[in-house]
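Q: Could you take me through one part of this model slowly, as if I were new to reading structures? I'd like to start with a single residue and then see how the parts around it are put together.

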Amino acid sequence: MSTIGVIGTGYVGLVSGTCFSEVGHQVICCDIDEAKIAKLQRAEIPIYEPGLEELVKRNTNLNRLSFSSDIASVIHRSDVIFIAVGTPMSPSGEADLSYVRAAAAAIGQSIRDYKVIVTKSTVPVGTGRLVQEIIRSNQSDPSIPFDVASNPEFLREGSAVHDCMNMERAVIGATSDRAAEIIARLHDPFRTTIFKTSLESAEMIKYAANTFLAAKISFINAIANICERVGADVTEVAKGMGLDSRIGNKFLQAGIGYGGSCFPKDTHALKHIADVSGYDFKLLEAVIETNDKQRMLVIEKLEKAIGNLTDKKIAVLGLAFKPNTNDVREAPSLTLIPKLLEKGARVQAYDPIAVEEARCYLPDSVVYTQDLYDAVRDCDACVILTEWKEVVTMELDHIRELLRKPVIIDGRNCFALERMRQEGFEYYSIGRPEVL
Ligand code: NAD
């Protein structure tokens with residue numbers, strides 16, 4: 001079996017590397033962040049992903065998975081090298097490829113025999129060719145052959161291990177049949193659908209898929225906003241739409257919009273790719289704008305419910321951009337909490353696992369509680385930003401007793417309207433009638 005090297009041990013690199021080892025491959029994960037590698041060598045997992053810790057420990061003990069910050073040695077020992085470094089949004093909206101460029105340069109400097117270099121990071125069309133050029137220009141012996149390929153990652157944070165172990169498809173865009181076949185064989189144990197494409201198409205598939213999902217979310221949110229105005233209930237509307245197999249019921253949950261490390265940056269990156277290619281992607285522009293506005297509904301609804309926010313104490317439930325992750329990148333909480341503070345409110349925040357991350361981005365005046373009920377105590381209103389299990393299953397009668405006023409602004413439509421009426425709340429959700 002091939003030895004796999006993974007460059008970049010973040011959400012994608014660590015999870016996919018671990019899953020490749022779980023199915024029997026030899027995997028070495030490396031990162032420039034030496035502290036992260038040192039932690040992993042002590043079997044401490046730097047991110048929260050259900051099931052990940054167990055898999056890392058098992059495969060490390062079986063000597064199938066190891067961690068290193070010596071990139072040259074990882075390249076020497078690997079047959080296939082996956083690039084899984086970050087591609088964050090640059091100020092222009094375009095994907096920042098500096099980490100990909102650095103990884104490609106390091107590979108070029110260390111390559112001694114045939115390798116397949118696979119980009120797993122989400123990158124604009126043309127990046128595979130760029131990686132090829134960078135490797136070539138950094139090789140001390142340009143006669144050493146290598147192939148480049150694109151194998152975009154589709155896992156979702158919060159269920160990343162499950163998604164990786166049960167991947168629905170592996171998209172492989174390679175520059176040679178030999179490379180495509182090597183990558184396809186690596187996926188044999190996953191028993192997944194292999195879809196071979198050109199390098200360019202594989203790169204485009206990832207952006208097209210993510211922006212389509214983002215569009216679905218913005219679409220249902222726009223429908224939700226109309227529902228509020230005309231007296232319909234978006235949960236019923238979405239269910240009725242989703243019963244049509246051409247539409248499907250996934251990604252039709254109205255709320256305060258998408259966040260996270262992928263959709264915001266990938267929608268902007270594709271918009272930039274379209275602009276540069278000369279196509280005015282108005283539809284995508286509207287998807288982004290709809291999403292940006294959607295999260296602000298929380299503030300509007302809160303002011304409608306309790307008036308001026310000066311000196312009001314607000315409980316914020318959920319800081320992570322979605323449940324089951326500690327990732328707060330582009331989470332609604334990072335925009336909304338500063339807005340609440342700016343308006344003079346005081347914020348008590350609860351999240352089961354993302355507090356440490358959120359603290360790095362939020363003002364010091366935010367008070368964090370370990371217990372959900374402590375966050376709600378003596379607050380003028382409670383705002384739900386993430387549909388954590390702890391939030392969805394909270395004891396509503398206790399919450400009502402702890403709040404100064406029984407007001408809940410639910411950005412994730414966690415509760416049935418009838419139940420909230422019976423529990424005696426003033427309840428504002430998204431795209432559904434108010435409970436007053
Ligand atoms: P991340 O920020 O969690 O991890 C990136 C890692 O790469 C960091 O640990 C960083 O230290 C390391 N790194 C940067 N430069 C390096 C270098 N030159 N050599 C070695 N290591 C280096 O990022 P992520 O969330 O894992 O995302 C990685 C890529 O995968 C992005 O392009 C992203 O769009 C894509 N992706 C992410 C997800 C997701 O859910 N997070 C899903 C699918 C695709």
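Q: Does A43 count as buried or exposed, and how many C-beta neighbours does it have inside 10 Å?

A: Before anything else, keep in mind that this is a predicted model. Now to your residue. A43 counts as exposed, because it has 12 C-beta neighbours inside 10 Å. You'll find A43 in the loop between α2 and α3. There's something to notice in its backbone too: phi of A43 is near 65°, which is a positive value in a residue other than glycine.

Y48 is buried, because 20 other C-beta atoms lie within 10 Å. Y48 and N324 are 276 residues apart in sequence, yet their C-alpha atoms are 7.6 Å apart in space. If you leave aside neighbours within four places in sequence, Y48 is in contact with T325, N326 and I353.

The crossing of α1 past α3 is left-handed. On the α1 side the contact uses V15, T18, S21 and E22, and on the α3 side L52, L55, V56 and N59. Sort those contact residues by type and you get four nonpolar, three polar and one charged. The spacing of such residues makes sense once you know a rule about helices: an α-helix has 3.6 residues a turn, so residues three or four places apart point the same way.

I81 sits in strand β4, and it counts as buried because it has 27 C-beta neighbours inside 10 Å. Not counting residues up to four places away in sequence, I81 touches G5, I7, I75, I107, K115, I117 and V118.

Helix α5 (residues 98-110) has 13 residues and spans 19 Å from its first C-alpha to its last, close to the 18 Å expected at 1.5 Å a residue. What do they pack against?

Now for a helix pair with another kind of contact. The axes of α9 and helix α10 (residues 234-242) come within 9 Å and cross at roughly 135°. With that angle, α9 is oblique to α10. This time the crossing of α9 past α10 is right-handed. I220, I223, A224 and C227 in α9 meet V234, V237 and A238 in α10. The contact of α9 with α10 divides into seven nonpolar residues, no polar and no charged.

Helix α9 (residues 199-230) is also where you'll find N210. N210 counts as buried, because it has 21 C-beta neighbours inside 10 Å. Leaving aside neighbours within four places in sequence, N210 is in contact with C262, F263 and D266. Take F263 from that list: it is 53 residues from N210 along the chain, and the C-alpha atoms of the two are separated by 6.2 Å.

F263 brings us to helix α11 (residues 263-277), whose axis comes within 10 Å of that of helix α12 (residues 282-294), crossing at roughly 155°. That makes α11 roughly antiparallel to α12. The crossing here is left-handed. T267, H268, L270, K271 and A274 of α11 make the contact with L284, E285, V287 and I288 of α12. By type, that contact has five nonpolar residues, two polar and two charged.

To finish, let's go back to the backbone question that A43 raised. N413 has a positive phi of about 50° although it is not a glycine. N413 lies in the loop between β13 (407-410) and α19 (417-423). While A43 counts as exposed, N413 is buried, with 22 other C-beta atoms within 10 Å.

Technical notes
Residues are numbered from 1 along each chain as its sequence is written. This is a predicted model: local features need pLDDT of at least 70, side-chain atom pairs count only at pLDDT 80 or more; totals for chains, interfaces and linings use all residues. Axes are lines fitted to C-alpha atoms, for helices over the stretch in contact, and angles run from 0 to 180 degrees between N-to-C directions. Helices (H or I, at least four residues) and strands (E, at least two) are DSSP runs, numbered from the N terminus. Angles under 35 degrees count as roughly parallel, over 145 as roughly antiparallel, 65 to 115 as roughly perpendicular and the rest as oblique. A crossing is left-handed if the near helix is turned anticlockwise from the far one by less than a right angle, and right-handed if clockwise. Two residues are in contact if their C-beta atoms, placed from the backbone, lie within 7 Å. Ala, Val, Leu, Ile, Met, Phe, Trp, Tyr, Cys and Pro count as nonpolar, Asp, Glu, Lys and Arg as charged, and the others, Gly among them, as polar. The expected span of a helix is 1.5 Å times one less than its number of residues.
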